[in-house]
Amino acid sequence: MMRNETTGRRADPTRMCVICRGRFPKSALRRHVAAATGDARLVPDPRAVMPGRGHYLCANPECAEKFSKYSGRPRRRRGGNGE
Ligand SMILES: [Zn+2]
């Protein structure tokens, strides 16, 4: 069962860090979007104005490091290579 931990509070909407999958207030995350050029790179979007799917990164330095290798494209899972 899921519980709503924010009952009664109107906090920031939460978003999930794409690396650690932790949930954080949106204001604590850095948004990146995939450039529409076919390039797999994600570009920072500090003002959250760019179209496209947002990828959120938390402030954890480990996540920042992993994020530099993160393409943003969902990998095709082949037989489960583990993550
Ligand atoms: Zn994270």
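This is a predicted model: local features need pLDDT of at least 70, side-chain atom pairs count only at pLDDT 80 or more; totals for chains, interfaces and linings use all residues.
Good morning, colleagues; let us begin with Ala48, which is found in the loop between strand 4 and strand 5. Phi of Ala48 is near 55 degrees, a positive value in a residue other than glycine. At 43% relative accessibility, Ala48 counts as partly exposed, because that class lies between buried, under 20% relative accessible area, and exposed, over 50%, computed with a 1.4 Å probe on protein chains only.

Residues are numbered from 1 along each chain as its sequence is written, and side-chain values use heavy atoms, with hydrogens and water left out.

I turn to the overall layout. The chain has one helix and five strands, where helices (H or I, at least four residues) and strands (E, at least two) are DSSP runs numbered from the N terminus. Along the sequence they follow the pattern β-β-β-β-β-α. Of the 83 residues of the chain, 22% count as buried. Among contacts with a separation of 6 or more, 39% come from residues 24 or more positions apart; contact here means heavy atoms within 4.5 Å.

In which order do the three strands of the open sheet lie? The order is 4-3-5, and the pairing is antiparallel. Strand 4 (42-44) and strand 5 are the edge strands, each pairing on one side only. From one strand to the next, the twist averages 35 degrees; axes are lines fitted to C-alpha atoms, for helices over the stretch in contact, and angles run from 0 to 180 degrees between N-to-C directions. Two strands are said to pair if DSSP finds at least two bridges between them. Strand 3 (residues 30-34) pairs with strand 4 over three bridges and with strand 5 over four bridges.

Individual residues can be followed across this sheet. His32 stands opposite Pro44 in strand 4 and opposite His55 in strand 5. Val33 faces Val43 in strand 4, while Arg30 is opposite Leu57 in strand 5. Within strand 5, Gly54 and Tyr56 point one way and His55 and Leu57 the other way, and all are buried.

We come now to the zinc ion. Which residues are its protein donors? They are Cys17, Cys20, Cys58 and Cys63, each through SG, lying 2.3 to 2.4 Å from the ion. Donors are N, O and S atoms within 2.8 Å of the metal (3.2 Å for Na, K and Ca); water is not among the atoms, so sites may look incomplete. In sequence, the donor residues are spaced C-x2-C-x37-C-x4-C. The angles among the four donor atoms are 102 to 118 degrees, and the site is tetrahedral, because four donors count as such if all angles lie between 85 and 135 degrees.

Beyond residues up to four places away in sequence, Cys58 touches Cys17, Cys20, Phe24, Leu29, Arg30 and Cys63.

The largest has ten residues, including Cys17, Cys58 and Cys63, together with Ile19, Leu42 and Phe67. Strand 5 (54-57) and helix 1 (61-67) are the elements that give two or more residues to this core. A nonpolar core is a set of buried Ala, Val, Leu, Ile, Met, Phe, Trp, Tyr and Cys residues joined through side-chain atoms within 4.5 Å. In soluble globular proteins, nonpolar side chains tend to be buried together.

Finally, the loop between strand 1 (14-16) and strand 2 (23-25), which holds Arg21. Phi of Arg21 is near 65 degrees, again a positive value in a residue other than glycine. Is Arg21 buried or exposed? At 52% relative accessibility, Arg21 counts as exposed. Gly22 is found in this loop as well, but Gly22 is buried, with a relative accessible area of 19%. Leaving aside neighbours within four places in sequence, Gly22 is in contact with Arg15, Met16 and Cys17. The C-alpha atoms of Gly22 and Leu57 are separated by 9.6 Å, although the two residues are 35 residues apart along the chain.

How values were computed. Four donors count as tetrahedral if all angles lie between 85 and 135 degrees; four count as square planar and six as octahedral if opposite donors are over 155 degrees apart and all others between 65 and 115; anything else is irregular.
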